[in-house]
Amino acid sequence: MKIVIINGSARKGNTLAAINAFIKGASEKNKIEIIEPDKLNIAPCKGCGVCQCSKGCVDKDDTNSTIDKIAAADMILFATPVYWWGMSAQLKLIIDKCYCRGLQLKNKKVGTIVVGGSPVGSIQYELIDKQFDCMAKYLSWDMLFKKAYYATARDELEKNKDSMNELEWIGKNL
C-alpha cells in the first residue's frame, strides 16, 4: 500500500516522534512518503474556483505536485500538533489546497495523529476530530484510526513507550 504522511509540524518534536513510530511499524509492508508543508512553496487557496474547470490549481507553486502525491496514495495519514484548538496552519494549508482535486481523494484510507499540550479528552481534540469527521463523510473515507496524545516537553511523547508501541503496532497492522 502507498501511504502519504502529511506532517503538520514544522518542529522536530512530539508529532515527528509519533510519525516515526508509525513508520517503524508500517515501513516493512508499505511504501511511505512524507510531505512536509513547511518546506514547500504553496500559496494559500484563494477560493477562485478556476481549479474546478481545469486540471488543478492555477498557482505556479508546489500545489499540484503535492496534491498528485496525495491523490495517488492508498492511505493518507494526517499528523498535527494542536495550535489554538485546531490543526496547524501547515496541515490546513495542504487540506485547503486539496480542494482543487478533492474528488480524487474519495474512498481513501485515512488516519489521524494529533498531539497537544492539554490532556486527551480536552475540547481541542474533539474540534479537530469533528473537522476530519466532516471530510471523511464528504469524501467517503475509511477512517482507520484517530489517535490523540498529550505531550508538552519536546521529547515527552518519545519517552512514552506505551504510545510509541501503540503507533508502531498501528503501522504494522494496517
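Val58 is partly exposed, with a relative accessible area of 39%. In this predicted model, Val58 sits in the loop that runs between strand 2, residues 31-35, and helix 2. Setting aside neighbours within four places in sequence, Val58 is in contact with Cys48 and Val50. A further relation reaches across the chain: Val58 and Cys100 are 42 residues apart in sequence, and their C-alpha atoms are 9.0 Å apart in space.

Where does Arg101 lie? Its place is the loop between helix 3 and strand 4. Is Arg101 buried or exposed? Arg101 counts as buried, because its relative accessibility is 13% and the limit for that class is under 20%. Its contacts, leaving aside residues within four places in sequence, are Lys55, Gly56, Asn64, Ile67, Asp68 and Ala71.

The side chains of Arg101 and Asp68 form a salt bridge, with a distance of 2.6 Å from N to O. This pair links distant parts of the chain, since Arg101 belongs to the loop between helix 3 and strand 4 (109-116), Asp68 belongs to helix 2 (residues 63-72), and the two are 33 residues apart. As a general point, side chains of opposite charge can pair when their charged atoms come close.

How many salt bridges are there in the model? The count comes to eleven.

The next pair is Lys146 with Asp133, which form a salt bridge whose closest N and O atoms are 2.6 Å apart. This pair also links distant parts of the chain: Lys146 is in strand 5 (residues 142-150), Asp133 is in helix 4 (residues 123-139), and 13 residues separate them. Lys146 is partly exposed, with a relative accessible area of 33%, and Asp133 likewise counts as partly exposed, at 35%.

The other pair is Asp155 with Lys159, whose side chains meet in a salt bridge at 3.2 Å, N to O. Here Asp155 is partly exposed, with a relative accessible area of 34%, while Lys159 is exposed, at 60%.

Helix 1, residues 14-26, packs with helix 6, residues 161-172, at an angle of about 40 degrees, and their axes are 6 Å apart. How are helix 1 and helix 6 oriented to each other? They are oblique to each other, because angles under 35 degrees would count as roughly parallel and those from 65 to 115 as roughly perpendicular. The crossing of helix 1 and helix 6 is right-handed.

Which residues make this contact? Helix 1 contributes Ala17, Ala18, Ala21, Phe22, Lys24, Gly25 and Ala26. Helix 6 contributes Met164, Leu167, Glu168, Ile170, Gly171 and Lys172. Sorted by class, the contact of helix 1 with helix 6 has eight nonpolar, two polar and three charged residues.

Helix 3 brings us to another residue, Gln90. Gln90 lies in helix 3, which covers residues 89-97. Not counting residues up to four places away in sequence, Gln90 touches Gly8, Ala10, Pro37, Asp38 and Tyr83. The C-alpha atoms of Gln90 and Asn7 are separated by 8.2 Å, although the two residues are 83 apart along the chain.

I close with two backbone details. In general, most residues other than glycine have a negative phi. Trp85, which is not a glycine, has a positive phi of about 65 degrees. Trp85 is located in the loop between strand 3 (75-81) and helix 3, and it is partly exposed, with a relative accessible area of 47%.

Asn107 is the other case: its phi is near 60 degrees, a positive value in a residue other than glycine. Asn107 is found in the loop between helix 3 and strand 4, the loop that also holds Arg101. Is Asn107 buried or exposed? Asn107 counts as exposed, at 57% relative accessibility, whereas Arg101 is buried at 13%.

Technical notes. Residues numbered from 1 in each chain as written. Predicted model: local features only at pLDDT ≥ 70, side-chain atom pairs only at ≥ 80, totals over all residues. Heavy atoms only, no water. Helix = DSSP H or I, 4+ residues; strand = E, 2+ residues; numbered from the N terminus. Contact = heavy atoms within 4.5 Å. Salt bridge = Lys/Arg side-chain N within 4 Å of Asp/Glu carboxyl O. Buried < 20%, exposed > 50% of the residue type's maximum accessible area, 1.4 Å probe, protein only. Axes fitted to C-alpha atoms, helices over the stretch in contact; angles between N-to-C directions. Parallel < 35°, antiparallel > 145°, perpendicular 65-115°, else oblique. Left-handed = near helix turned anticlockwise from the far one by under 90°. Nonpolar A, V, L, I, M, F, W, Y, C, P; charged D, E, K, R; others polar.
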